Amino acid sequence: NFLEAFSHNPAPHPGTPFPGVPEMLDQVRGRGLAAAIITNRACPGRQVHAELEGLGLARHFEAVLSQGDFNFRLGDYSRNAGLYSKVSMIEDAARRLGVEPAHAAVVGDLLTDIESGRLAGCAHTVGVLTGGMPREALERAGASHILEGAAQIAEWLDSL
């Protein structure tokens with residue numbers, strides 16, 4: 001299964017940011033908004049942070065949390081899909097950022113992102129279509145907004 005393989009791959013995932021994302025992060029930062037990265041990868045958050053540093057993006061995030069910091073083990077998904085929930089990570093990130101989940105937005109491209117944001121009580125659960133999930137699936141999971149990609153976040157913020 002994709003989530004199992006992705007989350008337990010110890011190799012770095014440096015890739016490149018989607019077009020427009022670095023500029024969007026500059027705009028969000030310029031508004032004085034705090035941001036965190038939450039990922040289901042089982043590596044330590046410090047590894048993800050190092051990858052973000054390599055991309056020149058780490059400065060945009062006050063917290064970087066990974067399932068690897070939450071005692072997640074290989075094989076857990078096959079026994080209990082609920083372990084891929086990000087609710088505890090959202091609550092921890094909110095605490096680190098000094099906000100209540102009810103005043104936060106979760107942006108993600110997988111159903112677990114949207115479901116976890118909804119279950120954590122976030123004000124907004126924003127689905128982005130870059131992860132391959134169909135719009136209808138993200139809507140069924142409870143997405144309050146759907147964007148073509150993360151580069152549109154600043155525009156979405158303008159609409160609030």
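Which residues line the largest cavity? Hi everyone, that is where I'd like to start today. This is a predicted model, where local features need pLDDT of at least 70, side-chain atom pairs count only at pLDDT 80 or more, and totals for chains, interfaces and linings use all residues. Residues are numbered from 1 along each chain as its sequence is written, and side-chain values use heavy atoms, leaving out hydrogens and water.

So, the cavity. By cavity I mean a set of points, on a 1 Å grid over the protein atoms alone, where a 1.4 Å probe fits but cannot get out; lining residues have an atom within 4 Å of a point. The structure holds 1 cavity of 30 Å³ or more. Its lining is Leu25, Val28, Arg29, Leu33, Ala35 and His60. By class, that lining has 4 nonpolar, 1 polar and 1 charged residues, with Ala, Val and Leu among those counted as nonpolar, and Arg as charged.

Now to the sheet. Strands here are DSSP runs of E, at least two residues, and helices are runs of H or I, at least four, numbered from the N terminus. Two strands pair if DSSP finds at least two bridges between them. We have an open sheet of 3 strands, ordered S3-S4-S5, with parallel pairing. At the edges sit S3 (105-108) and S5 (145-147), each pairing on one side only. Between S3 and S4 (residues 124-128) there are 4 bridges, and valine 107 has valine 126 in S4 as its bridge partner. Helix H6 (residues 111-119) packs on the sheet and touches S3 and S4, where contact means heavy atoms within 4.5 Å.

How values were computed. 1 Å grid on protein atoms, 1.4 Å probe; cavity = no way out; pocket = protein on both sides within 12 Å on 5 of 7 lines; lining within 4 Å. Points joined across faces, edges and corners; volume = space filled by probe spheres on them. Axes fitted to C-alpha atoms, helices over the stretch in contact; angles between N-to-C directions.
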